[in-house]
2 protein chains.
Amino acid sequence: MSPLVAHRLQHLPISSIRKLIPLSDKAEQDGVKIYHLNMGQPDVKTPQVMIDALKAWDTNPIAYAPSGGTKEYIDALKQYYHSLGFNTIETKDILGTVAGSEAINMAMYATCDVGDEMLVFEPFYSTYKTSAKLWNVNLVAVPTMLENGFHLPPKEEIIRSITPKTKAILYSNPGNPTGTVYTKEEVKMLVTIAKEHNLYLISDEVYREYSFVDKPHESILQYLQDIPEQAILIDSLSKRYNLCGARLGALISKNADVIKGSLAFAMSRLSGGIIDMHVGAQLTKVPAGYIPALQQEYKRRRDTLYEGLKEIEGVIVAQPEGAFYIMAQLPVEDAEQFCIWLLEKFRDNNETVMLAPGYGFYADPEKGKQMVRLAYVLEVPQLKRSVELLKKALQQYR
Amino acid sequence: MSPLVAHRLQHLPISSIRKLIPLSDKAEQDGVKIYHLNMGQPDVKTPQVMIDALKAWDTNPIAYAPSGGTKEYIDALKQYYHSLGFNTIETKDILGTVAGSEAINMAMYATCDVGDEMLVFEPFYSTYKTSAKLWNVNLVAVPTMLENGFHLPPKEEIIRSITPKTKAILYSNPGNPTGTVYTKEEVKMLVTIAKEHNLYLISDEVYREYSFVDKPHESILQYLQDIPEQAILIDSLSKRYNLCGARLGALISKNADVIKGSLAFAMSRLSGGIIDMHVGAQLTKVPAGYIPALQQEYKRRRDTLYEGLKEIEGVIVAQPEGAFYIMAQLPVEDAEQFCIWLLEKFRDNNETVMLAPGYGFYADPEKGKQMVRLAYVLEVPQLKRSVELLKKALQQYR
């Protein structure tokens, strides 16, 4: 039996982030305090109005939801997009998904056939890779560089990677794992390329609110009229409202066939979680100050971590402009081995720090071998201590 | 753009059950009362202890769960299987899934490659079809007959459908949509075939508790020691605890590679719903009388619906032995058209009845053209009225 499954395992490698978890569990069982910068799991509180909605749950039995989401959830999403100024979004353009990860799966499924290609900008969110493997879609990676903050290369360089099999461009903005916020010119360039080469343009904007640049975030939703058949938005409530464990996302498109294809996928799992959707639907009642307070908090954290990392000898970083990640190049040969060593061996006052190995964010793992991703999802004093730990560890490791 | 997506749509047809929902919505908006026998959405209450767990939720933020499920949820599942006498099931054998539908997806993904074949017994649960289409797995349908209650054909007939591409046999027991409960001899035969032909044997037992035959339910879990590498259980809490909208399921296997392959899939969606899992984990606290009361209630309903249908001229039914479905052959040429007519045209005292067209449960839709599936998820008086409506409708339709 096993050869078949072995093929699958090779096909779909265990997440580079999640595979270290048993090691951190072990260390924590041994009483070691770990500073978790390895996952995008914020420490910030879910809005109380959402918790209260759970406590007030009074529907029994807990019945199936419509495959595309409850009316309550879809209406709340529509209201949210309208509040951002995207008034042309209608109910029919919104599909409720089981978090952003399902929206990614659906977008790939609805736009690409087996063997088709999708352009991504490397380093890219590792889930794109697992998702592409599921559907036998080939990700074609266009490299971006730490030296210029992982911003997009010139148009010619992107176009060079387009083949007759290319069906879509997929990007995250603000970027995971880079923290890069694309400029108006960059997004416009992608729209132009999509138009000229007849490609879907899939924008993952789950970190929309986490931008620390002066200019407004450039959403694909501004281009819905421009490329109505091609623009697809991936969205999620996980980071915006600190709801990672309630699986709440959305796929937005003006292309009825993309919605239908995604809905067909949604029907294969019958229903999303109706309790989660009720929680998510409270988003319209979240106090107005919730998001601005988060923005300020993350900016402080970004500054703390960036300034701290910059001072460590041999560490190379660019200042992230958004999201809550930093990609850093470490003065080590194999960053994954270093991450393992941090968990298994390194202790300072019985504390250590956990990072995500960077190779998982590269199509070619070799390229990301010296890289790590740090998520600044801890408070400033903890981030300061994390930097201190990393500095000591690097001194000791060499 | 559209041709690509059109291909997908053709590839993955909209659920035959769910596509009628807009018509029933319309009728209900017009004030028509509809008796819903079309979906396996029970009217029975979720155990109060589960609702109470929601109300007592006090974890904030709502954080990611481990991809394979929370410890609390997995421990509760283990305790449940042990209470059934399956004491050899260990934590490592259990993967928590986002409902039974995801467990089906995972089992297919972990056992079959693109182009591989899986045997199913026709009529079969329509979600198997959508799931197989997702993974480009070919379902090979072995026919079973209404005349003998949809029980399995002789071994030779099943073996005849096995090819070098066959990787697995997938069946539901008790059966959806047939209500058939396989005998000890039938399950043993499937185990023997799996052994002799080196196939995975995937048993969907989400209706385990709903059996109205005198003998105990024959679970694949009894054969875990016999075919440890091949036996896979699909399970779900949806029907057992009336939790369809909380997405809670499990995949059980002694084959570490099957668990790993399924976990890789689970990692692509990062996490299931942590609130739902907390609700599901209360299963160990559900009062002992909950399930037996359900069994009695469903037996009464089964009897009501079966006896009623038998009396309608031209309707052919077999007595279902379990689950909560009846497959019936109607004296109409095209049962889907009849189902549409029921929703759009037929009214008796401004009431009508909604059924699931049967073709969705057949690999060859032509074979199921005269069939419908009725779910007895309403109380006895409502089922009586449903039968009356169906009888009148058939008289009028002809």
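## Basis of the description

Two residues are taken to be in contact if their C-beta atoms, placed from the backbone, lie within 7 Å. This is a predicted model, in which local features need pLDDT of at least 70 and side-chain atom pairs count only at pLDDT 80 or more, while totals for chains, interfaces and linings use all residues. Residues are numbered from 1 along each chain as its sequence is written, and chains are lettered from A and ligands numbered from 1 in the order in which they are written.

Leaving aside neighbours within four places in sequence, B:Leu201 is in contact with residues including B:Ile169, B:Leu190, B:Ile220 and B:Gln230.

## Interface and symmetry

Chain A and chain B each bring 68 residues to their contact. Because 100% of the interface residues of chain A are also interface residues in chain B, the copies meet through the same surface.

When superposed by least squares on the C-alpha atoms of residues with pLDDT of at least 70 in both, chain A can be laid on chain B with an RMSD of 0.0 Å by a turn of 180° and a shift of 0.0 Å along the axis. The two copies are therefore related as by a two-fold rotation axis. Of the residues of chain A, A:Lys55 comes closest to the rotation axis, its C-alpha lying at 2.0 Å.
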